[in-house]
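Hello,

Here is the structure I promised to pass on to you. Have a look at it first, and then read on for what turned up in it.

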Amino acid sequence: TSGNGHANEIVMKWANNVQGYNTTKEDGTGREILQERHTMTLKDGIFHTSVELVPLEDIICELWYGFQMFTAPYETVQYIDGTNRTRFDVKVASNSGDKTASRVRFANSVKDICEIKVNTFYDLGRRDNVTGVKGIFSTNYGKAYFTIINDSLSMVSGGVYSLEGEYIFRHGNF
């Protein structure tokens, strides 16, 4: 059926099973070692998002980006709360914000803005497992990533490791 309606809140949930890069079986397929459980709630024009990582066995997670974004509609990127606060051309892949940056803001000439932020006071969002200077970065192939893990985190089977944040889209002044 189809129809029109109104909602104050929309909740979307899905799960992804993730294979490890070193879990190839004899038949060439991989073994699923981690489940990502996503919840995204649209309320008041903001996508409130959370991810739970649940290891399906004891693992060592060496790299996980958490929040990601296609950057094609935007021209500039700015890393907020970190040490590198200048606005950059979004197509320049050599720029990044360090792990103290809690937000990234994309904008274009018609004043479309997307801001992604991580709750830096909650579990994986504290980014205790991030080393180096690429805490948030954009690429020359049109994506941006929040680095959440890049320093070998031992994860226990059945444990729950969490990340919270928001995606905010708006049209207005930058």
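This is a predicted model: local features need pLDDT of at least 70, side-chain atom pairs count only at pLDDT 80 or more; totals for chains, interfaces and linings use all residues.

The largest pocket holds about 330 Å³ of space. It is lined by 17 residues, and those closest to its centre are Gly-20, Tyr-21, Ile-33, Ile-60 and Cys-61. Which of them gives the most to the lining of the largest pocket? That is β1, with six residues. Sorted by class, the lining of the largest pocket comes to nine nonpolar, four polar and four charged residues.

For the second largest pocket, the volume is about 200 Å³. Its lining is made up of Trp-14, Glu-36, His-38, Met-40, Thr-49, Val-51, Trp-64, Tyr-65, Gly-66, Phe-67, Gln-68 and Tyr-167. Here the elements that give two or more residues are β2 and β3 (46-55), and β2 gives the most, with three. The classes in the lining of the second largest pocket are seven nonpolar, four polar and one charged.

Met-12 sits in strand β1. Its relative accessibility is 31%, so Met-12 counts as partly exposed.

**The salt bridges**

Side chains of opposite charge can pair when their charged atoms come close. In this model there are six salt bridges, and three of them may interest you.

One joins the side chains of Lys-43 and Glu-9, at 3.8 Å from N to O. Because Lys-43 lies in strand β2 and Glu-9 in strand β1, this pair ties together parts that are 34 residues apart in sequence. Lys-43 is partly exposed, at 37% relative accessibility, and Glu-9 is partly exposed too, with a relative accessible area of 41%.

Another pairs Arg-31 with Glu-57, where the closest N and O atoms are 3.0 Å apart. Arg-31 belongs to strand β2 and Glu-57 to the loop between β3 and β4, so the bridge ties together parts 26 residues apart in sequence. Arg-31 has 36% relative accessibility and counts as partly exposed; Glu-57 is partly exposed as well, at 26%.

Is Glu-115 buried or exposed? At 2% relative accessibility, Glu-115 counts as buried, because buried means under 20% relative accessible area. Arg-103, with a relative accessible area of 25%, is partly exposed. Salt bridges with shared partners also bring in Arg-105, so that Arg-103, Arg-105 and Glu-115 form one network.

Happy to go through any of this with you.

Best wishes

Key:
Residues are numbered from 1 along each chain as its sequence is written. Side-chain values use heavy atoms; hydrogens and water are left out. On a 1 Å grid over the protein atoms alone, a cavity is a set of points where a 1.4 Å probe fits but cannot get out, and a pocket is an open set with protein on both sides within 12 Å along at least five of seven lines; lining residues have an atom within 4 Å of a point. Grid points are joined across faces, edges and corners, and a volume is the space filled by probe spheres set on the points. Helices (H or I, at least four residues) and strands (E, at least two) are DSSP runs, numbered from the N terminus. Ala, Val, Leu, Ile, Met, Phe, Trp, Tyr, Cys and Pro count as nonpolar, Asp, Glu, Lys and Arg as charged, and the others, Gly among them, as polar. Buried means under 20% relative accessible area, exposed over 50%, partly exposed in between (1.4 Å probe, protein chains only). A salt bridge is a side-chain nitrogen of Lys or Arg within 4 Å of a carboxyl oxygen of Asp or Glu.
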